[in-house]
Structure formats: structure tokens, C-alpha cells
Amino acid sequence: MNKSMANNARLSIPLPKKIWCKIRYYQQLYDISKETLAEQLNVQPRTLSNYDSKPENLTIGQICQFLKYNNLMFNDLIG
């Protein structure tokens with residue numbers, strides 16, 4: 001593996017974390033309350049802080065629900 005490939009591997013963000021960060025970014029950008037975001041994901045507001053530390057617990061169904069509620073496409077979260 002050459003040096004640039006090694007640097008790219010170290011900078012890679014796991015997909016669940018990237019998706020969760022985009023959801024949190026969208027929340028801040030559009031001033032969505034934690035209660036509203038929790039409702040969109042069908043969880044309790046305290047669960048959001050759990051996702052901050054373990055975003056891999058977010059399910060595909062919850063992601064789809066968030067996308068539908070906000071009229072977004074999956075590419076909006078991974079792009």
C-alpha cells in the first residue's frame with residue numbers, strides 16, 4: 001500500500017457515523033428540536049445522545065423515516 005492510500009484509509013469515516021453527523025448537521029441547519037428529531041426517528045430524545053456515541057445503532061428504517069419526513073434522498077446524507 002502506498003503512502004497516499006494509507007492516509008486515505010486513516011481519514012475514512014465509517015458510514016454510520018457519516019450518516020449520523022449529516023442528520024445532526026441537518027438538525028442544526030434547519031433548527032429542528034431534539035424532540036422533533038426524536039419523533040422523526042421514532043425514539044425518545046435521550047436516545048439521540050446514545051447515537052452520538054454509537055451511531056451504528058441507528059437502523060435503516062429510522063434513516064428512511066428521517067429522509068421521508070424531510071423530503072431528502074439517501075445521497076443527501078452520504079454525499
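**Aromatic pairs in an all-helix chain**

Okay, let's start with Trp20: this residue is buried, at 3% relative accessible area. Keep in mind that we're looking at a predicted model.

Quick overview, then. If you take the contacts between residues at least 6 apart in sequence, 54% of them join residues at least 24 apart.

Now, the rings. How many aromatic pairs does a search of the whole structure find? Three. One of them is Trp20 with Tyr51: the centres are 5.3 Å apart and the planes sit at 75°, which is over the 60-degree cut-off, so we call that edge-to-face. Trp20 is in helix H2, residues 15–29, and Tyr51 is in helix H4, residues 45–53, so this pair ties together parts that are 31 residues apart in sequence. Tyr51 is buried too, at 6%.

Then there's Tyr26 with Tyr30. Here the centres are 4.6 Å apart and the planes are at 40°, so this pair is tilted. Buried or exposed, these two? Tyr26 is buried at 16%, but Tyr30 is exposed at 51%. Ring pairs also bring in Phe66, giving a cluster of Tyr26, Tyr30 and Phe66.

Last stop, Phe74, over in helix H6, residues 74–78. Phe74 comes out at 36% relative accessibility, so partly exposed. Leaving out residues up to four places away in sequence, Phe74 touches Ile19, Ile63 and Leu67. Ile19 is 55 residues away along the chain, with 9.2 Å between its C-alpha and that of Phe74.

Notes: Residues are numbered from 1 along each chain as its sequence is written. This is a predicted model: local features need pLDDT of at least 70, side-chain atom pairs count only at pLDDT 80 or more; totals for chains, interfaces and linings use all residues. Side-chain values use heavy atoms; hydrogens and water are left out. Contact means heavy atoms within 4.5 Å. Helices (H or I, at least four residues) and strands (E, at least two) are DSSP runs, numbered from the N terminus. Buried means under 20% relative accessible area, exposed over 50%, partly exposed in between (1.4 Å probe, protein chains only). Rings of Phe, Tyr and Trp (its six-membered ring) pair if their centres lie within 6.5 Å; planes under 30 degrees apart count as stacked, over 60 as edge-to-face and the rest as tilted.
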